[in-house]
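This report goes through a single protein model, from strand pairing to cores to confidence. The sequence and structure come next.

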Amino acid sequence: MTVTGPQGFRAAGVAAGIKASGALDFTLVVNDGPLDVAAGVFTRNVIKAAPVLWSQEVLKQQRLKAVVLNSGGANAATGPGGFQDTHATAEKVAEALGAGAIEVAVCSTGLIGERLPMDAVLAGVGTAVAALEASDQASLNAATGVMTTDTKPKQAFAKHESGWSVGGFAKGAGMLAPNLATMLSVLTTDAVADKETLDRALRAATHVTFDRLDVDGGTSTNDTVLVLASGASGVEPTEAELAELITTVSRDLVLQLRADSEGATKDVDITVQGAESEADAIAVARTIAEDNLVKTALFGSDPNWGRIAMALGRVPARIDPETVSIAVNGVTLFAKGMPAADRSEADLTGRAINIVVDLGVGSAESMIYTTDLSHGYVEENSAYSS
């Protein structure tokens, strides 16, 4: 079990009829307590979907009884009507659970700019409530119900030696360059935690996991990561312990998201070290990750360090060409302003690629998780609206 692995949670994933295919498209996660503490992080995109605006508002109290999610429509850029649809969905879930609408977060994913089929959405609430379980199948169905262009559900779970645990699922295959979150993810824990501790632990975890995934530079209108704490284990971990286990589960989900991203044939880790500040390290790594010339070279298994040097050299950070070094899959190809080895010495024929850039001007470092840019990515994103 994943999202229902921690004690105190039930979940369901059902076919509400939002998708014409009849696939699972509606997910519900319920916290049975005894605690109902929650925290969330959301997209920094100025164009925010109605569910994001709603969930940001209800999370101000940092209490959630449930999260309801749909695929098949993002409910983004839909005006006041779209927000009313989100409100109606939360009210319907609250009514079915004997809760208040302010205790229900809403998430949506799919095509931007279209209203949801509300007859199907509202009917799906009853179907999902009837299907709620704390089981392997319920966890899997919940993770499947949020998929769009994903080819497989993404789930993760980790248990602390003292008995409490963290579980969750995530979805996302394209438009992945989050600012604080990536697409949709729901995390659960049966740890005892207060609002402030849970919030800080989630932000510490997303800072080094979800916010470090950058497939294509696209920050979605709907990016949301939520964590719900039931306290059902009766164990109160330290803030550091809580952040560490949430980070472990989040990183597992991020690597699954990367592996299933649209058209990817390479899993690329870009580490920038020796930076003057963490902000500089992140900016350099993200610029390299988003550069199309770098990404196409990686698709061709070409260790073209010149493209990496070009990309990092255009970042407004402290960079000294004489102190920069670039290593690809363990081979230093550029150092002290000149080639350090023949590029053919770096083998990129496998799926895993590790790029390490040392700026040599400080002690800060950071990593970005990315992919290559393939024919498959272009073909998939040009053939349909998503």
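## Terms and basis

Two strands pair if DSSP finds at least two bridges between them. Helices (H or I, at least four residues) and strands (E, at least two) are DSSP runs, numbered from the N terminus. The model is predicted: local features need pLDDT of at least 70, side-chain atom pairs count only at pLDDT 80 or more, and totals for chains, interfaces and linings use all residues. Residues are numbered from 1 along each chain as its sequence is written, and side-chain values use heavy atoms, with hydrogens and water left out.

## The six-strand sheet

An open sheet of 6 strands is ordered S13-S12-S11-S14-S10-S15, and its pairing is mixed. Its edge strands are S13 (338–339) and S15, each of which pairs on one side only.

Strand S10 (residues 267–275) runs parallel to S14 (residues 352–358), and 7 bridges join them. Within this pair, Gln-273 is opposite Asp-358, and Val-272 has Val-357 as its bridge partner. With S15 (residues 364–371), S10 pairs in the antiparallel sense, again over 7 bridges; here Ala-275 has Ala-364 as its bridge partner.

Of the 9 residues of S10, 7 are buried, so the strand is largely enclosed by the rest of the structure. Buried means under 20% relative accessible area, exposed over 50%, and partly exposed in between (1.4 Å probe, protein chains only). Helix H7 (residues 278–290) lies across S10, S14 and S15, at about 20° to S15. That angle is taken between N-to-C directions, from 0 to 180 degrees, with axes as lines fitted to C-alpha atoms, for helices over the stretch in contact.

In strand S2 (residues 26–31), 6 of 6 residues are buried. One side carries Phe-26, Leu-28 and Val-30, the other Thr-27, Val-29 and Asn-31, and both faces are covered.

S2 is joined to strand S1 (residues 9–14) by 6 bridges, antiparallel, and to S4 by 5 bridges, also antiparallel. Leu-28 takes part in both pairings: Ala-12 has Leu-28 as its bridge partner in S2, and Leu-28 stands opposite Val-68 in S4.

## Nonpolar cores

A nonpolar core is a set of buried Ala, Val, Leu, Ile, Met, Phe, Trp, Tyr and Cys residues joined through side-chain atoms within 4.5 Å. The largest has 49 residues, and Phe-26, Val-67 and Phe-169 have the most contacts inside it. Helix H3 (residues 118–131) supplies the largest share of this core, 5 residues. Apart from it lies another core, of 32 residues, including Ile-270, Val-284, Ile-326 and Val-331.

Contact means heavy atoms within 4.5 Å. Beyond four places in sequence, Val-67 is in contact with Thr-27, Leu-28, Val-29, Ala-105, Cys-107, Val-186, Leu-226 and Leu-228.

## A buried loop residue

Gln-62 lies in the loop between helix H1 (50–58) and strand S4 (66–71). With a relative accessible area of 16%, Gln-62 is buried. Leaving out residues up to four places away in sequence, Gln-62 touches Asp-36, Val-37, Ala-38, Ala-39, Lys-195 and Asp-199.

## Confidence

pLDDT is the predictor's confidence in each residue, from 0 to 100. The protein averages 94, and 96% of the residues score at least 70. Over residues 178–182 pLDDT stays under 50, and for these the model has 28 contacts beyond four places in sequence. Where pLDDT is low, the predicted coordinates should not be read in detail.
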